[in-house]
Amino acid sequence: MGIAFTKWTCTFLFCCCLIISVVYSVEGLHGGSKVRGVNLGGWLVIEGWIKPSLFDGIANGDMLDGTEVQLKSVTLERYVSAENGGGMNVTVDRDAPSSWETFRLWRVSESEFQFRTSGGQFLTCDGGGCTVSATAKSASTLETYEIERNEKSRIHIKTKNGAYLQATTGGQLTADYPDTPGWDNNAATFEMVIVANYLRGDYQLANGYGHDPAKDVLKRHRNSFITIEDFKFLNKHGINTVRIPVGWWIAFDPDPPDPFIGGSLEALDNAFSWAQEYDTKCIIDLHAAPGSQNGMEHSASRDGFTGWPTSPDFISESLHVIEFLVSRYARHPALLGIELLNEPSAPAVPLDTLISYYKQGYQIVRKHSSSAYVIICQRIGNADPMELYQANIGSHNLVLDLHFYNLFDTFFVNKSAEDNIQYIYKSREGQLQALNNSNGPLVFIGEWVNEWSVTSGSQKDYQDFGRAQLDVYNEASFGWCYWTIKNDRVHWDFEWNIRNNYLQLAIYLCRQLTQQTELYHFRIVRNSIHLVFSSSLFMKFLKWLKAYLV
């Protein structure tokens, strides 16, 4: 196909001139490509910050599971305390609050709660007249209290048998207030300070609404948040892979253990069908493991504790989920890989525990598929991704997932736009090159975002920052995956970034196309150089490029 040198041709040639890189390819993707992906975050694993309106209908919505509270007696002007984090009687004798004076709520109903100490024990009282202690290792009726609130921050706390807790003059917490308290300054009235209320995940949503209302909310969300139109959009803009976070309860669909709500398996089946229709590959990512691998909302933690590594049952159940998923989708043409666990935290998840789990998960995937990629995620926190390189987890199609954010660290506070961009080129690029050359797993930037701590960035600043990340993350031997497809915070929203021209993929797509040797060649005719293109690939290039430049 002969063409004139239009603005499209010039743009194409300019892109070609920028290409100097080692070419990697991923089995299962067309044309020797690597992963160009987008995460479907906030869909089958809930993250309230992605779509806060999901929680709008919950009564006492500021007192969900995991809410951290401090209680101050209005008469003693002292804080309720579980000394040493629990293990003895509770006192009301602290002038200032710290971790011993901070309790995490377990929600039983919209007005009934259990109080968990920083050491993991629960406040308990065995009847009227008792002294409250922080000695229960689990919670049931004796650890359940009704909280009465007034219009301000004052509360009363009542046991199941009707006795109100009070702060005695001796600094004890007892269940023997003699009458129904008012809201004046009396021994049974406390100021409740909500210290933290950041957990907004599947546990908080389901337990906050209750089963039937939560089922309605999640059914509407799963049917509307991601649809086939999103796969059409991604395909149009050059995305060839989606990473789909799922929770462990998907393996028990349609009736998972309480409080989780069934229906995510049907949605995942839909995603695979849509992916196949639009020539897109799927990575299934175990984002939420039993007990929580990092204490965060996106691992469905009830209260911020990391329980997954503490129980062999949790680990065995996770392996069961991996077997369920790979056995169901191993033969589906849209499957690209299985990610065994998302963002285990260091040091809460010991390295030897994680490596043992990864080795077992690798073998389970290989039992059902010889070609599916097995993806292992580095620990978040103070951990070196190289720690997994010497672990001998598997020998074929093994991928290491790194998550790169210029956020969540004081290092990035007060950095300028140029500082952030140079950090990508000077630090992240060197790290990727070292990992690519380490003769270990393929490298995958499984999460990144075109957002930072810069408060006054212009559109051009964002374009330059996005271009720097694409330039560098393109060097990852397996590819990259943007977090996330949709988000109420617009700079985290991939579709918004594309539609509003804050993230420009044209140069990146051009580089990918020109790595295919059949795309073009030169021919000399009568002392003139003619550029001859493969018509099908060039038309594909024009289609993609036009979407970004129009």
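Over the ring of which residue does the charged end of Arg 428 sit? In this predicted model, where local features need pLDDT of at least 70, side-chain atom pairs count only at pLDDT 80 or more, and totals for chains, interfaces and linings use all residues, that ring belongs to Phe 404, with the charged end 4.4 Å from its centre. Residues are numbered from 1 along each chain as its sequence is written, and side-chain values use heavy atoms, with hydrogens and water left out. A charge sits over a ring if NZ of Lys or CZ of Arg is within 6 Å of the ring centre and within 35 degrees of the ring normal. The charged end of Lys 486 likewise sits over the ring of Phe 225, at 5.6 Å from the centre.

Phe 404 also belongs to one aromatic cluster with Trp 448, Tyr 473, Trp 480, Tyr 482 and Phe 494. Rings of Phe, Tyr and Trp (its six-membered ring) pair if their centres lie within 6.5 Å; planes under 30 degrees apart count as stacked, over 60 as edge-to-face and the rest as tilted. The count by this rule is 27 aromatic pairs. For Trp 248 and Trp 249, the ring centres are 6.1 Å apart and the planes stand at 80°, so the pair is edge-to-face. Both Trp 248 and Trp 249 are buried (under 20% relative accessible area, with exposed over 50% and partly exposed in between; 1.4 Å probe, protein chains only). The rings of Tyr 405 and Trp 492 form a tilted pair, with centres 5.7 Å apart and planes at 35°. Tyr 405 counts as buried at 12% relative accessibility, and Trp 492 is buried at 7%.
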